[in-house]
Amino acid sequence: MDADRYALNKELAQMLKGGVIMDVTTPEQAKIAEAAGACAVMALERIPADIRAAGGVSRMSDPAMIRGIQEAVTIPVMAKCRIGHFAEAQILEAIEIDYIDESEVLSPADDVFHIDKTAFKVPFVCGARDLGEALRRIAEGASMIRTKGEPGTGDVVQAVRHMRKMQQEIARIASMRTDELYEAAKELRVPYSLVEYVHEHHKLPVVNFAAGGIATPADAALMMQLGAEGVFVGSGIFKSGNPEKRASAIVKAVADFRNAPLLAELSANLGEAMVGINENEIALLMAERGK
Amino acid sequence: MMRVGILAVQGAFAEHAACTEKLGAAYVLLRKPEDAAGIDHLILPGGESTTQRKLLHDTGLFSPLQEKIKAGIPVLATCAGLILLAKEVSGGEGCFSVLPVKVQRNAYGRQLGSFSAVGDVGDISGYPMRFIRAPYVTEVLSDAVQVLNETDGRITAVRYQDLTALSFHPELTDDLRIHREFLGL
């Protein structure tokens, strides 16, 4: 991937800012998401809550299913491949996906190496729990970052933890003397140039979204106020009582996330939220995959 | 004192705000109808036009902004903004429908079709253009529309009265000439 292609890929993420990216499993759901104001959709066969329930090995979705969703909507379409599974990524590139999510939600294909994302023309988004993970993914060629959170739970605690950790570490790097940055790069196990960027700009070099466990307009507003530039909503929408209404409410909450009277209005009469599972009730922590 | 309104419901509004700030102009981010009071310039940023159109209506910003546009305040529209202004849209719906052009959405295809180019934009020469899942103008519907740029035979920048609409993203570059011209600085 040449430098200009990488810049264009980071710039697509900039266009998604202030928006909501929704998990969808059918063309019908994709249309509901688009009509509700989603800025992009994530095409996958099973939403994380169902992946969790089904167990077993979870893989890239059927390209025919992804194509069906690409044909149903005009907004960008993303899809997930397994961590380290560069052949799945090649297939997604071949069907001209707009963004690949190298995702811990699927079963990892490689427990050591992530995909060399610089070998691709299509952009990648990757999950991270802290600044070190985020910068390592960026060094590998990711052009967008999201918190890992804990997918499929409807529990926002991990997304909050990951976003706070990242912001704290960014603030720490920003406050350092320049001669301390070399040691910081060593500690974080990341290239010096990326630490230098964070020091100068007080932010990641790519757009940073929140993901994992976001189920309500209030969850989305919380993540935006903690510094997210947009949100992914996975199971939270289509596992709820009234997907259309909830999707639209979350879109509006992200657009004006400090407007408490508006949030109160958006949170009213939304129907049943996703039931949810607490972090300490689950056996499998997806966020532990791929460091 | 100039007061630039930047539509801030979704997309790359922070980048436009940074350009405006660098040029020393005061701006306000538009999130609700009251925010539009007193603006004398309007910027419609890049982002997803379907999302922006929906939120323009949901937030109630559509009517005050439409009044401002009809009253003739200068408007700079980039990418999704071009779609919001166009009278006719292929592959999507219009919004303000005031700019007499026909626009094709996602005209270059998916993200693999995104590209960059350098070209003249009206009187501005050698301008770096970033096209991100961009639209272009397929048809000009009035003689009063001035074409400011054609790239590979496609119309990607137009001016009509006080409306300037671009397929590409000046807010993603360090080159402030388009913003400076728009703000009359």
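The exercises below work through a predicted model with chains A and B. Residues are numbered from 1 along each chain as its sequence is written, and chains are lettered from A in the order in which they are written. In this predicted model local features need pLDDT of at least 70, side-chain atom pairs count only at pLDDT 80 or more, and totals for chains, interfaces and linings use all residues; side-chain values use heavy atoms, with hydrogens and water left out.

**Exercise 1. Confidence**

Task: State what scores the model has and what the mean pLDDT of chain B is.

Solution: 
- Step 1. The model has an ipTM of 0.96 and a pTM of 0.95.
- Step 2. pLDDT is the predictor's confidence in each residue, from 0 to 100. For chain B its mean is 96, and 100% of the residues reach 70 or more.

**Exercise 2. The sheet of chain A**

Task: Find the order of the strands in the open sheet of chain A, and explain why strands 7 and 8 each have one side without a neighbour in the sheet.

Solution: 
- Step 1. Strands, like helices, are DSSP runs numbered from the N terminus (helices: H or I, at least four residues; strands: E, at least two). Two strands pair if DSSP finds at least two bridges between them.
- Step 2. In chain A, eight strands give the order 7-6-5-4-3-2-1-8, with parallel pairing.
- Step 3. Strand 7 (207-209) and strand 8 of chain A are at the edges with a single partner strand each, so one side of each has no neighbour in the sheet.
- Step 4. From one strand to the next, the twist averages 30°. Axes are lines fitted to C-alpha atoms, for helices over the stretch in contact, and angles run from 0 to 180 degrees between N-to-C directions.
- Step 5. Strand 6 (residues 144-147) and strand 7 of chain A are joined by three bridges; I145(A) has N208(A) as its bridge partner.
- Step 6. Contact means heavy atoms within 4.5 Å. Helix 2 (residues 27-36) of chain A lies across strand 1 (20-24) and strand 2 (40-43), at about 165° to strand 1. Helix 12 of chain A lies across strand 1 and strand 8, at about 155° to strand 1.

**Exercise 3. Helix 10 of chain A**

Task: List which residues of helix 10 of chain A are buried and name what covers them.

Solution: 
- Step 1. Buried means under 20% relative accessible area, exposed over 50%, and partly exposed in between (1.4 Å probe, protein chains only).
- Step 2. In helix 10 (residues 217-225), the buried residues include P217(A), D219(A), A220(A), A221(A), M223(A) and M224(A).
- Step 3. Their cover includes helix 7 (157-174), strand 8 (231-233), helix 12 (243-255) and helix 13 (260-267) of chain A.
- Step 4. Just after the helix, G227(A) has a positive phi of about 115°.

**Exercise 4. Strands 10 to 12 of chain B**

Task: Describe how strand 11 of chain B pairs with strand 10 and with strand 12.

Solution: 
- Step 1. Strand 10 (residues 146-151) runs antiparallel to strand 11 of chain B, with five bridges. N149(B) is opposite A157(B).
- Step 2. These strands form a hairpin with two residues between them, and D152(B) in the turn has a positive phi of about 50°.
- Step 3. Strand 11 also pairs antiparallel with strand 12 (residues 163-166) of chain B over four bridges, where R159(B) is partnered by T164(B).
- Step 4. Five of the seven residues of strand 11 (residues 154-160) of chain B are buried.

**Exercise 5. The interface**

Solution: 
- Step 1. A salt bridge is a side-chain nitrogen of Lys or Arg within 4 Å of a carboxyl oxygen of Asp or Glu.
- Step 2. In the salt bridge of E15(B) with K17(A), the closest N and O atoms are 2.6 Å apart.
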